[in-house]
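Student: I'd like to learn how to read aromatic contacts in a model. Can you walk me through them?

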Amino acid sequence: METDRTRMNRRTFLAKLGAAGVVLAAGSANLLPSKVFAATTYTPNLKLKKSDPLVVTDMNDNFERIDSEFANRAVTPDFYKIGTGTDDTQAVQDAFNSGRTVVFTRSYNVRSVEISADNQTVDFNGYYLFGISAASDSAADKDAILKITGRYLNLFNVFVYGNYNTAYKCGIHWYSQSASHAAQHNTVFGMFISRVLVGLQFGSHYTDVVTDAPQSENLIYGFRTREVQNCLNCYQPNGVLKMIGGIFDCNQYAWSSAFDNNLATAFEVKPSASTATLTIVSSEILKTASNLGYGFKGKDFQLLDCAIEVATHWGYLQGDAVIRDVTGGYLSQLDRDLFTIEAGSAGRLLLDNIVCRRPAGGLTSTAALIAGFGSAPGYSAVLDNAQLTEWSAQRIADSRRDLVRVTNSTFSVSGTSTRVCDRLQGAVNWAESVDTTGEQMSQAADMSTKAGWSGFSVSGSGNYFRKTTASMPAGFRSAIEISANGAGNNLYASSAKFPVVPEEPFAFQTQGKISAATAGNDTLVKVIWFKENGTSLSSTTPQTVLLSNASGAGQLSNAWKEYYIEGAVPADAYFAMLQAGAQGNGSAAVTLALTGLELFSLQTKYLPSLMNRMNAALNYNGSGLILKSPNGTPYRITVSDAGAITVTAV
């Protein structure tokens, strides 16, 4: 904003009046000097001239000395104030344009002012800028109450108040004047924005052409908003902003209908060709009064050590995001997914040490922790060391559960806790030798052996198991279909045996569904354990039921669903096989479909030795070296702790 150089402040005006100025200042013509003394003395501090009687030239010099002294220290906008009007825009702008340190001594009414200098300090000193622009004012005056375009600024206690004025695009607009003049290396100690629709716009407005400038090395300590629809909008290519100790409150409170809860966000980082990087530390994200929209949006942001209390979806994700150390997280609506991925987005969400609670009733909620993978297969997520209350472990993703890696996380629902730790890269899927998707099976509707799976019809005729390709979950081309082809029919399909590790904790994962809302009791998936010699266990746990029609985490439903079940291998089990069954519900046939079956170790106490694995592959159980004599007789060679070698025919 250009300064009107033809105007003078009151102090300069009086000094220019000379002797008449003395009269005006004193309020009496009797104070006119009767004579002039050449000799003067000085005060001890500012070296002001003392004349008795008063000498006009001395008075003018003293004004200049005082103005110069205090202006070199700091100025207040009132130093530039002309007249007694309520519009302080010009005075505040002149103070900012001076390049000197500016200290507020009261609150000021402005249309729009800009801090554009370099290496300047401005202290609002506990006072406000009140925005007074009207709809009829210029576009420049309606851009923002305060604009920040300078560099190497130190700004203190920046308080901006909009008073529900919808004429402004935002309360504060922090942007770069050009690609070669970036608004960078600025530090703000305290910023409070109230009663505007958009609080801080960092970079260009969403409807403007962006300025690709290195708007970096910017810090805000103590950012707060109140009654602001969009607390922070970022649209700055090649920009970096770090915010520490903030309260991002996007609740409506006393706003009129101009406030749109569906659009309200604590922050948004709008994607551009080169996106700004936003880091928010030790802050609160608040959207507690509305279940519309999202708490935050965008990509390339980090939330560290924050409390997130949102009544609707936490985040709408368009790219990379990191959320870490959220010890106070809350979502009040059971029907809201925690995160939604924008269709076609690529990137990764990292959730580390997250605590999130929901109200009671999480068992019946169909909302997912992360939704949208089906239309964003290039996106992935990592969930580590999380504690999620009233969240089911079966609702980690709405689809493509394989795109979420979960480790050391606990899901608690209705008082029951489930620990989830996905198989890490390189971990052993014990069932890797099994056709777990039906890919190698034939599609013949019969009970014949298929790809190592064998069938057994318990009751009824027409039962079958086979490969199916109809109506697959995202990411899979085929599934195993087990069909009890009658109301009272019953059958099982069993995989080949595979080696496991005794006493090892395991996790079972699969995608599954049944054809009807209800099914017979033998509609289930279980693992059957075997001893080292291949015989069934004699212990009390010869089998472990993983999925069934009973209530609980492993309850089958009539829609594709991701299942995750944990357990432990019995102490005397060295082999296992998967078995799936289907049973009619008494009034209709029932079909069970499964794909992506996995049974893998959660932690490796020990791995079977290479020799033992080789023996198992040759169908010789146990340890020792297997050798065959010339006539083909196999012998097992073992050695005792004392070094004694034993040779046993097997």
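Tutor: Let's go through ring pairs, then charges over rings. This is a predicted model, where local features need pLDDT of at least 70, side-chain atom pairs count only at pLDDT 80 or more, and totals for chains, interfaces and linings use all residues. Residues are numbered from 1 along each chain as its sequence is written, and side-chain values use heavy atoms, with hydrogens and water left out.

Student: How many aromatic pairs does the structure hold?

Tutor: Rings of Phe, Tyr and Trp (its six-membered ring) pair if their centres lie within 6.5 Å; planes under 30 degrees apart are stacked, over 60 edge-to-face, the rest tilted. The structure holds 23 such pairs. One of them, Tyr128 with Tyr161, is edge-to-face, at 6.2 Å centre to centre and 85° between the planes.

Student: Which strands does that pair link?

Tutor: Strands are DSSP runs of at least two E residues, numbered from the N terminus. Tyr128 is in strand E7 (residues 128-131) and Tyr161 in strand E9 (residues 154-161), 33 residues apart.

Student: Is Tyr161 buried or exposed?

Tutor: Buried means under 20% relative accessible area, exposed over 50%, partly exposed in between (1.4 Å probe, protein chains only). Tyr161 is buried at 18%, while Tyr128 is partly exposed at 23%.

Student: What cluster does Tyr128 belong to?

Tutor: Tyr128, Phe130, Phe159, Tyr161 and Phe192 form one aromatic cluster.

Student: And where does a charge sit over a ring?

Tutor: The test is NZ of Lys or CZ of Arg within 6 Å of the ring centre and within 35 degrees of the ring normal. Lys450 lies over the face of Phe465, 4.3 Å from the ring centre, and the charged end of Lys270 sits over Tyr206 at 5.3 Å.

Terms used: Helix = DSSP H or I, 4+ residues; strand = E, 2+ residues; numbered from the N terminus.
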